[in-house]
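Hello,

Have a look at it first, then read on.

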Number of protein chains: 4
Amino acid sequence: MCTSITLYTKDHYFGRNLDLDVTYGESVTITPRNFLFKFQKVPDIQNHYSLIGMAIVVDNYPLYFDATNEKGLSMAGLNFPENACFFLEKADKDNVSPYEFIPWILSQCKSVKEAKGLLAKINLVNINFSDELPLSPLHWMISDQLQSIVVESTKNGLNVYDNPAGVLANNPAFDFQMFNLNNYRRLSPKVSENTFSKSLDLNVYSRGMGGIGLPGDLSSTSRFVKAAFTRLNSVSGTSEPESVGQFFHILKSVEQQKGLCEAENGEYEYTIYSSCCNMDKGIYYYTTYENSQITAVDMHKEDLDGTVLTAYPLVNEQQIRFMN
Amino acid sequence: MCTSITLYTKDHYFGRNLDLDVTYGESVTITPRNFLFKFQKVPDIQNHYSLIGMAIVVDNYPLYFDATNEKGLSMAGLNFPENACFFLEKADKDNVSPYEFIPWILSQCKSVKEAKGLLAKINLVNINFSDELPLSPLHWMISDQLQSIVVESTKNGLNVYDNPAGVLANNPAFDFQMFNLNNYRRLSPKVSENTFSKSLDLNVYSRGMGGIGLPGDLSSTSRFVKAAFTRLNSVSGTSEPESVGQFFHILKSVEQQKGLCEAENGEYEYTIYSSCCNMDKGIYYYTTYENSQITAVDMHKEDLDGTVLTAYPLVNEQQIRFMN
Amino acid sequence: MCTSITLYTKDHYFGRNLDLDVTYGESVTITPRNFLFKFQKVPDIQNHYSLIGMAIVVDNYPLYFDATNEKGLSMAGLNFPENACFFLEKADKDNVSPYEFIPWILSQCKSVKEAKGLLAKINLVNINFSDELPLSPLHWMISDQLQSIVVESTKNGLNVYDNPAGVLANNPAFDFQMFNLNNYRRLSPKVSENTFSKSLDLNVYSRGMGGIGLPGDLSSTSRFVKAAFTRLNSVSGTSEPESVGQFFHILKSVEQQKGLCEAENGEYEYTIYSSCCNMDKGIYYYTTYENSQITAVDMHKEDLDGTVLTAYPLVNEQQIRFMN
Amino acid sequence: MCTSITLYTKDHYFGRNLDLDVTYGESVTITPRNFLFKFQKVPDIQNHYSLIGMAIVVDNYPLYFDATNEKGLSMAGLNFPENACFFLEKADKDNVSPYEFIPWILSQCKSVKEAKGLLAKINLVNINFSDELPLSPLHWMISDQLQSIVVESTKNGLNVYDNPAGVLANNPAFDFQMFNLNNYRRLSPKVSENTFSKSLDLNVYSRGMGGIGLPGDLSSTSRFVKAAFTRLNSVSGTSEPESVGQFFHILKSVEQQKGLCEAENGEYEYTIYSSCCNMDKGIYYYTTYENSQITAVDMHKEDLDGTVLTAYPLVNEQQIRFMN
């Protein structure tokens, strides 16, 4: 399914793995400040923050999987099947469809704090983009340079959770995932002392034994735990290459390899792309399953005052550098 | 510590993660057919198969971490602390030092079968390369296009194991690691039926739940299990980019991220490089912790009939491709 | 902390482990039909079903830990710290204190169905028995010969859950515990086929390997999983000794041994008593940590039309039968 | 399969669970000092230490499952399928058959130290008791008031291991079982501090969470770990009832419940009996699956200078003590 994380070094980074068994022709898409964002039940927005992120563009509309705006506010939608629940229109609410949710927030807010203001008025309404594009059952992580939150619309209504782990995966609901971390509180990158029994001389036969008990399968609970442990104990330099590099190393600790996660149709789910956006600089980095070289698009090299989308198709071929 | 694997698609691939807390200035090093391999207690070899692999070159001697010869026979040394035991010289044996072991085998043998012939006569003798370079406690995986074996010299003598898992990590001894896989026999990339109880309606809330129980920490037993499961269930296309790409995806399932595996000195062990050598074509691919782009060196683009080593220093800077 | 279960063979059984670090002088206590049950905020009850169960009797009031009434309806209170929340009096509700909850339900209802009727009107009110006896943070399992439910009063209000697992332990909330069972769906008393890899010959070196992954520690989540697995796969004869025996074997799969579960005060929590009540016959069986012989009290051997409590102190000395 | 343990308080205790899917009509059997022990390949023994233990008696020969002699030396045979290997007669050895092994050692030795002396000369020879009673594949734990050892006869010969864990289960070989304990070194009866991440406030929601990771299934590796952890952290009083009681609590932490461990024939393996022998006093205590009351036989109440076996059939009916 998917995993998203943040990483704060000198700059601030937001990104995700997209894990699916099909690709949709996504591209790195920049929405400039004067692109007209049309909405079904709330007023259209003509002037707004610019966005960069991964999207499929349908009928000139950027359907973002994840995006960051020029202020650094970032947002990713992740699969939340059987739990996500979207509602009928409500009179006293901002009725925003899930496919409009990322544009609605990122075009207007420069921080999580501001996003919380909009969230207080939102009803995620059950309206498709089109008959061909039904809604996906999603939940969202929203992050800025200070904090992350998670937004889940379930049969109990809209829940907004603070996210001190800085990680989101998929099912079950976020409060369960956070509670589940309690069960791993003894894990550590350091090998701890023998507390099993003082009368046995138990051997540290390998580095890394302090992490024994960390799950390594690809289920969404296991990826949540592993990504949280890896992110929270990560150590890296603060330069751009070191930060971006470490970000991808964390994401790849929960990568889905082809063949390891069978879907109901007999196909295999795998990590189609991994992304890392520098919130401060507006540079969107990504790798794909097929191409491990990092490709980058810098939003500030585009005309952000324009009105039309710019889309960079994914570089999906392995870029091998031969030395001879 | 380290992990090595093979992968067979149309071609055959061999490689490894090198996990340490320090680097030694290693380079991709080609030894041509007429380079004089000097040995301490066995006769020098003047004419032999050529080799490509990762080595540090000291006093014009290639100290290989892993290498492949022109016939495809491949070999990697992995850390085996407290278990590895090397012996005094024995009169009736080929007394080969551990640092000479990869040259000794790869210069003379074109297959695992031939290597087994030499192994029957070998005594791994406790002689340093120099006072400054004491012996590392290693064990080895040797692979060709058909099979893999593991060689361990312990206080019980030299053990040669068939390796149907196609994986090697570190401690404990190989027979323990293989036995331990029995405990994971129920794992699967597929989600299996509910056998806990027919009277409960247990939900498949995530893809990948068939793998629950797979360890995800960085200890050597856990890496062995995870790498074996990932390798044995891997699905990939047979082209060179697909095969090489999948090879690195498998290796990176057991990558060590900086900060996650603390060494005794307070430093962090991490995956310094990951390699993948096409046994059939003699192309050595690698990535480093700092540079996720694949770099490659092709042995057949060098003069293999020469007498001097060729070394390509590692490209260790992140190679980001900017699209704008 | 505690675990409660049911078991249905020919007759129906309900019981629990009481796990604490202190004892309170509890006794098997029979409340006859005409004992006056006084309540603080709801009308007293003079004529009612008779009860048998484990209680401490304070000021002639039976504070039941668990009890069964003459119709078989059974109820146990289990520790639910930090989650249990009891409320101020509410005008439109039956304001029952937690310490009155078992008498209130068992004196009036002959089935879970009837209990659900009362539960719809209940507010668990935050009123102590006395200053010396503050309320414990509890949740409850209620069972009859057909089904079980769980009642939890948390900050979100009163939750009533169907309980198809027939087990209750402690934290976290019941819906989490049930969800968590999904992670164990592949476990089985039977050893399943090798799905790890067809290319490895993985050995069934022990019976019982189908259960690998079942937790064995004494935390409340682990006891819930283990008790559920043991109960749901239990096989027993239908006679009274076989049924009662099997019941205790299930309970003892999650027993707390002295020394294994340290409390905050440095004392050890252990299984003070284990109980098994035949719902149909009104016979209350128990063992204590100190005495493994089953002791029994039959409610129908008492005058159930009386007005005074009958209490049988626990037989707490090991009853060893010497053969010579 | 089976589990054996020792426990030292003021006195010293030795015992085991016998886990099988069939019973053999075993009885508590006392062998007095002048009973003629016949052996096939070594000299018969007429005068020797007396023994008490669980045995089936065939043709007046006590086939002990476990026994203790009048000096306290104790010994139990446990299933070791596919690993146990018994040999042809060897000229320079004491050729003892596995069924004679317990009599051979316990009739002659008063300590583990003395037993080690005999073990140095033993060849466990592949000779059946009779065609109807082929040899079982066993390994053995031998204990006195100071220490325990394990004896395994495998294809590599006879191995004698010191056993600081004081526990034996079944497969795999003892050195593997001991090594495997290294993986559990962080477990503790105490809840340790949060080392997962200082930036998360992880909650201790249950006592006993320090043991998370302890296995609870019935496979022989899991029983070994759980029994070792329970035994080594056990806390008990030193009186006879407390010591014996605690001994059975430890054993029952790895009891096999009916229905939970399916054998190849579709039958269920379960704990047929649990035993605890006071090494110092020669009192043999036991419970059976059907009868949880402790039954006892005191060897010193018999004529230990006699020549004939005394056998007490098991009390296998549940002994319920009714209070009314």
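**Asp217 in chain A**

Asp217(A) sits in the loop that runs between helix H3 (174-181) and helix H4 (220-233) of chain A; helices (H or I, at least four residues) and strands (E, at least two) are DSSP runs, numbered from the N terminus. This is a predicted model, where local features need pLDDT of at least 70 and side-chain atom pairs count only at pLDDT 80 or more, while totals for chains, interfaces and linings use all residues. Residues are numbered from 1 along each chain as its sequence is written, chains are lettered from A and ligands numbered from 1 in the order in which they are written, and side-chain values use heavy atoms, leaving out hydrogens and water.

Asp217(A) is buried but has no salt bridge, and Arg223(A), the nearest side chain of opposite charge, is 7.3 Å away. Here, buried means under 20% relative accessible area (1.4 Å probe, protein chains only); a salt bridge is a side-chain nitrogen of Lys or Arg within 4 Å of a carboxyl oxygen of Asp or Glu. Lys and Arg count as positive, Asp and Glu as negative, and His and the chain ends are not counted.

**Chains C and D**

How many salt bridges does the rule find across the interface of chain C and chain D? There are eight. In one salt bridge, Arg207(D) meets Glu264(C) through their side chains (3.0 Å, N to O). H4(C) gives the largest share of the side of chain C that touches chain D, with seven residues.

**Helix H2 of chain A**

In helix H2 (residues 112-119) of chain A, the buried residues are Val112(A), Ala115(A), Leu118(A) and Leu119(A). They fall within an arc of 110 degrees seen down the axis of H2(A), so they line one face of the helix; the arc is that of the directions from the helix axis to the C-beta atoms.

Best wishes

Terms used:
Buried means under 20% relative accessible area, exposed over 50%, partly exposed in between (1.4 Å probe, protein chains only).
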